[in-house]
Amino acid sequence: MAEVAHPLLDFNKPIDVGLLDATVTVSMQSVAGGEQQRAAAEKLLLEFQEHPQAWTRVDTILETSQHQPTKYFALQILESVIRYKWGALPLEQREGIKNYLSNLIIRFSTSEELFRKETTFVNKLNILLVQILKHDWPARWKSFIPDLVAASRTSETLCENSMKILKLLSEEVFDFARLDLTQAKTKELKQTLTVEFKAIHELCVFVLNNTRKAELVRATLETLSVYLTWVPLGYIFEGNLLEMLLQLFPQAPFRNVALQCLTEVGSLQMATDFNPQFAKFYDYFMRQLVLVVPPTVNLPEAYEKGTDDQQKFVQNLALFFTSFFKAHVTILETPETQVQLLAGLDYLVNISYVDNTEVFKTCLDYWNFFVPDIYTSSCTTDPTGVSFMFAPPATHGVAQAPGGRKLLYRPVLSKLRQLMICRMAKPEEVIVVEDENGNIVRETMKDNDVLAQYKSMRETLVYLCHLDYDDTEQQMLEKLRMQQLAGAKWTWGALNTLCWAIGSIAGSMADEQENRFLVTVIRDLLNLCEVTRGKDNKAVIASNIMYVVGQYPKFLRAHWKFLKTVVNKLFEFMHETHPGVQDMACDTFLKICNKCRRKFVVLQVQEREPFICELLNGLTETIQDLQPHQIHTFYEAVGLMIGAESDPNKRDDYLHRLMGPPNTTWGQILAQARANPEVLKQQEVVKSIQNVLQTNVSVCTSLGQPFLVQFNVIFTDMLQVYKLYSELISTAIATGGANAARSTFVKYMRSVKKVALKLIETFVDKCDDPQLLASAYIPAMMDPLLGDYARSVPDARDAEVLSLMAAIINKLRHLMEPEVPRVFEALFECTLTMITRNFEDYPEHRLQFFALLHAIVNSCFNTLFLMSAAQLKLVIDSIVWAFRHTERNVAETGLALLHDLLANFAQSEFATQFHQTYYLHLLNEILAVMTDSFHKPGFKSQARILHHLFTILDANVIKAPLWDVAAKGAGAYPTNAAFVRVHVAALLSSSFPNLSQPQVSACVSGMFEYKDFPAFKHHMRDFLVQTKQFASQDNADLFAEDVEKQVVEQRETRQRLLANVPGLIPQAEAMAGEEMND
């Protein structure tokens, strides 16, 4: 194949289009045995495509070829030239391409038959034309819009295609510009398009007035919907455009696209002078809507049975109402427009019941805006935060009746309460769910969309509750009563959503009302549980009881008897083996202990002893049916209780009793092992050891420093067991090879080592006495952990050792400095060899290795000065390897590490020496990753490091020349800054031949001139947009940091708002900061 098609690469002869067609066909075939031929054809086409003269053949290919894929191949070549090499082409060649493309589009779009048949091809030509416009318009193609508009009046199909070009142009300039245009170019295009819009507007109005052709009307409306988001406002209300759209709206063929245009208009925020026009617009719209969808229509049912177009209409209708109301709801609150306003809100409430996630999200997003708005304008919170006074709001100059907006919207708000209760999403804590087959099972994965939906619904319902407590309570209790009366007919779904709604409003009622409400709810649920038959049914009710009580810790803390009943009920559920019930019982117990821990260690009225004594007496019986992971959760919860005891002697006694069962198991295993070491190789024994250690981890996590007494019981023996298992693992891998590392036996033994390391790390994290750690525990750990790691074969090394050492160094800081050389020697080189072999192996070791290095740089920086030159070079090389990594988290770790390292060295006495050795090397490496397209997510960190490297040149940090003095002489450059300028300019010129010298100079000047980091970052972003690699790809990552900043600011503002309304922050979170004492 390659031999036959080789003449295609000879650009001195005319092209054989038939041969090209055949080559393209072969490259697309997937017949068995034809792989070599296909690969050869692909290679040849790639060579043809990359030839600098390939674009000169495009016209011949398009005119001659009858093969569609070949035509697209030719357009690809043309696109590459337009995107990357346009500026390098001589003017007459650019004009030639422009004219050829324009004529080709005209030829295809003046013939109706050709235009319909070749729609995809013409769309591709349109895209290429818009790419040219981004380069040449307006400077070198001033007459483009007038020419296009004039030509459009000559033919309806040509006009339809012009609409598509205009739509593409607006999208490129206003929606996607920042991805491949500099800021200055974007601004110029936006200004030009705004100035030229008059002609576009006239064309659209002309079309809507004069054509009956459905396709053209639809194309015009689609173009308008894009332009209406930014056009000068006079065009909308001063002409008859809006009226035309409203008249087209009831017509079935244009209904959806006209509604999209109306939505864009409805969402515009304008000066108050336009309010009457908007009110008139809404009134006209509602009168038209009644003709299309009468208010009596059951929208959820109609949606279910509707065609795609009808379903899209319901979705668009939701968008229209939500956009319009968000921008203008207050201007419709006058007596004249109230009826239509409430009718529109009723439509939206009905749409909210449609069984489609996207439609519901749209509606919920608005309700989450609307209800808080009514609340803030209707309620002023009393300073004590107990009672609420409802004051009439001042609403944008609209006269309000007494009771204000709350009264006006009362019927709508009541319907919304019902909606939220019926459709409440599942909260995170609930893990007993109904699967697609209708069985009750344990949830295995969290659905983040559902959790986000729950948060929005919860917030909306809390506001609704504040607006009318009695209606909220009445609706919920009524629904619960219906469930009880339903007898055998009650449904899981209805009970679930109701209980999730009840749990979600915790903290929003006044204490007395909340207490009365909750007692009724729990009593009714317990009754339901008693009278209901069937394990599945009981499991559903149990999960709901647990969820509800977990949401009201404040109530539980105030009512000991109730708290005790609830906890004993949870202990009952811990024996219920139905999937998910035990898990949820343990999770709820942990949650309650977190908020009420003090209640369990003080002596309550009418009790003989604190509850914890009762719990410890019945400990074995309570946990006998639980799985190991559930026991760990239980132990963590009891650890919280013990931590609440202030008397150290009692606390130690409770801990001793709690740890009795695991310590007994531990003691028995060690006694057997001393008599016969082979015991430790038994699988059951290995599992028991792991279980005991994990139980210790759980208690240490929740108890903190007081765990010390138990840690001393287990520490020395644990190191012995660790050492023994290390030797067994190394022997197994040495004799059995890589496969042995994956055997069950080795996996179990490694899990013991990992849990032991986790226990030490948890203790280090919780310990308040670094001095004690440094003197009593660290020396004993060094050989069993570090020596073992260094001696083990790579497959037997645990990444957790690296993580533990990082935690110890971060905790002990300077106290650890004497040990760092030993840590470095044992861990550094052997791990580096493992992880730098390729980018895939040992992912955990990679991350933990750089975390350890980061800990050394931040906490024991002085130890770097004691390293040999070879060792420091190894450190720098490993950091460069990290930020070159294609895995995002490794690259980000490497960049953060480098930034801290440079900042520390810049302030040290070794600054000059360090920078003379590494400055140019690091500068080149950072520029290399910044300008390749694999590392875009790291843009902000890369820019920060570059900014640092350029600013230290002026700060006199480096006191000796950075250039090679021996080769160039000491006076070769006046300053280091002057030398680095020349160096960077030469580097960029050689790396990016497509950039002109003025572009490179402007870029380098900016790098040195912009001292302000945000300005420097924008400058670097513009430069990257100009380089060839970034032009063709989605550059959203370059803007990720801006987006992140916006998100953080929004989150902070939101938190401040939430804190002002009782119940909006869940009690479990709101009480996190409070002391758990009474």
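A residue is called buried here when its relative accessible area is under 20%, exposed when over 50%, and partly exposed in between, with a 1.4 Å probe and only protein chains considered. The model is predicted, so that local features need pLDDT of at least 70 and side-chain atom pairs count only at pLDDT 80 or more, while totals for chains, interfaces and linings use all residues. Residues are numbered from 1 along each chain as its sequence is written, and side-chain values use heavy atoms, with hydrogens and water left out.

Of the 1078 residues in the chain, 52% count as buried, and the C-alpha trace spans about 95 × 90 × 65 Å along its principal axes. The chain holds 55 helices and four strands, these being DSSP runs numbered from the N terminus (helices H or I, at least four residues; strands E, at least two). Where contact means heavy atoms within 4.5 Å, 74% of the contacts between residues at least 6 apart in sequence join residues at least 24 apart.

Helix 25 covers residues 469-485, and its buried residues include Y469, D471, T472, E473 and L480. At the start of helix 25, a side-chain oxygen of D468 comes to within 3.2 Å of the backbone nitrogen of D470, where a polar contact is a pair of N or O atoms within 3.5 Å, one able to donate a hydrogen and the other to accept it within protein, residues adjacent in sequence counting only if both atoms are side-chain atoms.

Helix 2 (residues 17-28) contains T23, which counts as buried because its relative accessibility is 1%. Although T23 and A5 are 18 residues apart in sequence, their C-alpha atoms are 7.0 Å apart in space.

Terms used:
Expected span 1.5 Å × (residues − 1).
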